[in-house]
Amino acid sequence: MTDKKYYNQTITDLEQELQTSKQGLSEAEAAKRLAADGPNELQAKQQRSWIMKFFDQFKDLMIIVLIVAALAAGFVAGEWTDAAIILVVVILNAALGLFQEARSEQAIASLQEMATPQARVRRDGAIIEVESPDIVKGDVVLLEAGDVVPADLRLIRAHNLKIEESALTGESLPIDKTNEVLQQNQVALGDRINMAFSGTNVTYGRGEGIVVRTGMQTRVGQIAKMLNNTDETMTPLKANLNHLGKILTFLVLGVCVLVFAVGVWFNPQNQPMDKLLLNMFLTAVSLAVAAIPEGLPAIVTIILALGTQRLAKQKAIVRKLPAVETLGATDIIASDKTGTLTQNKMTVEKVFYNGQLYDQSADFDEDNPAMLAMILANDTKIQAGGSLLGDPTETALIQFAFDQNIEVQDLLRRDKRLQEVAFDSDRKLMSTVNMYKNKQYFVAVKGAPDMLLKRATRVAINGKVEPMSTEQKQDILLANQDMAKQALRVLGLAYKIIDQPYDDPTTDNVEQDLVFAGLVGMIDPERPEAKAAIAEAKQAGIRTIMITGDHPTTAQAIAERLGIIDQGDEDSVITGAELDELSDRYLEKHIGDYSVYARVSPEHKVRIVKAWQDKGKIVAMTGDGVNDAPSLKQADIGVGMGITGTEVSKSASDMILADDNFATIVRAVREGRQVFANIQKALLYLMSCNVGEVLTVFLMTIFGWDILAPVQLLWINLVTDTLPAIALGVEPVQKSIMHHRPRGRQSNFFSGGVAGSIIYQGILESVLVLGTYAIGLATSPHASRLLQHGDALTMAFLSLGLIQLFHAFNSKSVHESIWQVGWFKNHWFNVAIVISPLVMASVELPFLTNLFDVTELNLLQWLIVLASGVLLVVVVELVKLCQRRLKTNN
């Protein structure tokens, strides 16, 4: 939609364009426009049915491979138990995916809740109340403190009007509004001071405006459209699982063809051709099913779910399971300023009086004229329990008085307000006349320092009033300039004592011949824990950038204080207007030059996130306002704020910080990295075991030995693919997890030496199993060849299962020794490693030997089986030792 520049139009031109007037529309014309343009409400895009969403869950390649394997196991191999297990896993995963749907619908619903239900409009020259959806373009809307703006308005009257737009623009302070025409051609959203936007809040004064946009055409409506049109990003986890699915597809097809061809070609048992073809086909299919880690999707889901539980205990609520793992891959944390890096609460930081600059920790008493002016020239309402209601600047002054242990309410009752000259945006001052001691009256004035100094002729120094010298005035201006350079909002404070109230209080008599009392500097301060969190993220190779709708000076000051940029590094700061001048190609190339993006709109935020993503970076975006919602959804992981965040931002996010603590993000990154590491451990364990199985059967076929039966392969998978793999998924966090750089978007589950470990450990398993078979032939107490091969095959079957269980210890770390990681630090692993061998060995029970086609082994044969498992651990430990030494030498 073209952003028509209503802020450049005169009121007369606007009335002519919209065919309206300051008296408003007629009821008939309003009804006509409502029928033509539709109601003033937000619309969600048409939603797919839950059945279609359910079937969408089966589109992942990994899931398709599992379904094909299940059908092959059931219809071809006749292994319906294994087929049922695979299908149950697939359906459970689909149900979990469906449960996580509908984020866009929730975000739109939250946007709709922002609309005010009633609004006052002028129609037929009379003021009436109408439902918000019935407002149309051309309506004249009346605003006063406490109202929510019902549509986008061009203001035609503004009397001390202030509107709080932080949820839309990121500006932490209410904006002074005017009805004057803006002359600039390009004006940032937060600087359009003659406009009022739908969903923002009137905090002070009153005004009127002509409706220029309604419903989906408003600024909030444009955000709703962006939420509707933003595609879900491919998370690293989804990409990795798809990559794994492709590998497994080719692997399974290759295994089927190769084993079938080799078996038919060699025909080691000299079977008739028809029987040979059937047996080798069944063997190939069974082996292919065994080669697929059918429990992996469920194990990944369980690992992620357990990760979400741990994060919840640390105040991070995960709305979508893959977000846990995505956090661990984060390269960029793109943070909103207001309410995320800062406290979203104006705070007094500096006070200048008696010719000196003090910080907020200095002691003040209620007799200090600067303190009196702060308290008395103030419209803050003190509610029950001490909470403050009013303009953020004024509430900051009262909170400062509270922090100084001043009994503010007692003082206000004692020095009761009698008269006032209200603030207006022309003179930028506010004055009150209050009762004072000795039957005198205290005139308290606060406002813009430059305007106040024009009216001050004297200065208070150490309790004495003296004429203001040129040097003193210069010192005051320098103090004002120094605080402004630190991005502090500076107010001047003045007073005078009079003998009687004014007959007609005006600026001409009240605000003249004032005594300068001091300056007060305020800022929305950074969160105390944010600086340490940013430093920790930097140590982990993660870059923090600031994206805000606030002014560049303020953004730069906060970024410097937090360590996002160096002191005085103005080149790292860019504004939304400057972004508009850059092409997408240039921005993608130079996006790394900037760390602070100020005065940006929601569209800018999405563009910035996309530019980082186009450079291959994984972006986590934090935010709390409506203006953050599109970028939260565009980011690889959107992080909303649970306390200060709007419902819109929370609905558009993947994870919500229950404590609004930026440091929680870094803790979540640590957890995300551990989740990925644990998934890698489970994958290393499962895939190396499956490689060992495939290679063992393949070589048995070539050697003409008896081949492991399908029921034996499936039993091994059932026993070894569940409890140990899940237990590996809950390994405790490694101390060094935050000492290396992010793995990046190009990495996958096989990165970091996992692929090589799968191959050599799978080969080692196969060698040990085949060696056990050969030793079994040589040590069998039977004379019959059939019984000898029966013993050997039983030993190979049990050794394959036990080797895999011993291998779980190796899989606790890809490169570190089991002695470093710890044998028994994981309680769940300890339980799994006790139960699984007992289940595996149960096949030797007399009533199960026929079912699994095994023979009863003697003590020597059992010792050989156990030795093969121990030998695997020893050999892998030696290989890891060599790898570590080679890495150290290089």
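I looked up the bridge partner of Ile547 in E23 and found Tyr597. Strand E21 covers residues 543-547 and strand E23 covers residues 596-598. The two run parallel and are joined by 2 bridges. I take strands as paired if DSSP finds at least two bridges between them. Helices (H or I, at least four residues) and strands (E, at least two) are DSSP runs, numbered from the N terminus.

I noted the source next. This is a predicted model, where local features need pLDDT of at least 70, side-chain atom pairs count only at pLDDT 80 or more, and totals for chains, interfaces and linings use all residues. Residues are numbered from 1 along each chain as its sequence is written, and side-chain values use heavy atoms, with hydrogens and water left out.

**Sheet**

I then traced the sheet around E21. It is open, has 8 strands and shows mixed pairing. The order reads E8-E26-E25-E24-E9-E21-E23-E22. Which strands stand at the edges? They are E8 (316-318) and E22 (573-575). Each has a single partner strand, so one side of each is left without a neighbour in the sheet. The twist averages 20 degrees from one strand to the next.

I found helix H21 (residues 552-562) lying across E21, E22 and E23. H21 runs at about 155 degrees to E23. Axes here are lines fitted to C-alpha atoms, for helices over the stretch in contact, and angles run from 0 to 180 degrees between N-to-C directions.

**Helix pairs**

I checked H20 (residues 530-539) against H27 (residues 662-703). Their axes come within 7 Å and cross at roughly 30 degrees. H20 and H27 are therefore roughly parallel to each other. The classes are: under 35 degrees roughly parallel, over 145 roughly antiparallel, 65 to 115 roughly perpendicular, the rest oblique. The crossing of H20 and H27 is left-handed. That label applies if the near helix is turned anticlockwise from the far one by less than a right angle, and right-handed applies if clockwise.

I listed the contact (heavy atoms within 4.5 Å). Ala530, Ala533, Ile534, Glu536 and Ala537 in H20 meet Phe662, Ala663, Val666 and Arg670 in H27. These residues divide into 7 nonpolar, no polar and 2 charged. Nonpolar covers Ala, Val, Leu, Ile, Met, Phe, Trp, Tyr, Cys and Pro; charged covers Asp, Glu, Lys and Arg; the others, Gly among them, are polar.

I followed H27 on to H30 (residues 754-779). Their axes are 7 Å apart, at an angle of about 40 degrees. H27 and H30 are therefore oblique to each other, and their crossing is right-handed. This contact has 15 nonpolar, 8 polar and 1 charged residues.

I also opened H14 (residues 369-376) with H15 (residues 392-403). The angle is about 130 degrees and the axes are 8 Å apart. The crossing of H14 and H15 is left-handed. Met371, Met374 and Ile375 in H14 meet Leu397, Ile398, Phe400 and Ala401 in H15. The contact divides into 7 nonpolar, no polar and no charged residues.

**Backbone**

I looked for positive phi outside glycine. Gln19 has about 50 degrees. Gln19 lies in the loop between H1 (11-18) and H2 (27-37). Is Gln19 buried or exposed? At 63% relative accessibility, Gln19 counts as exposed. The cut-offs are under 20% relative accessible area for buried, over 50% for exposed, and partly exposed in between (1.4 Å probe, protein chains only).

Asn354 has a positive phi near 55 degrees. Asn354 sits in the loop between E10 (347-353) and E11 (356-359).
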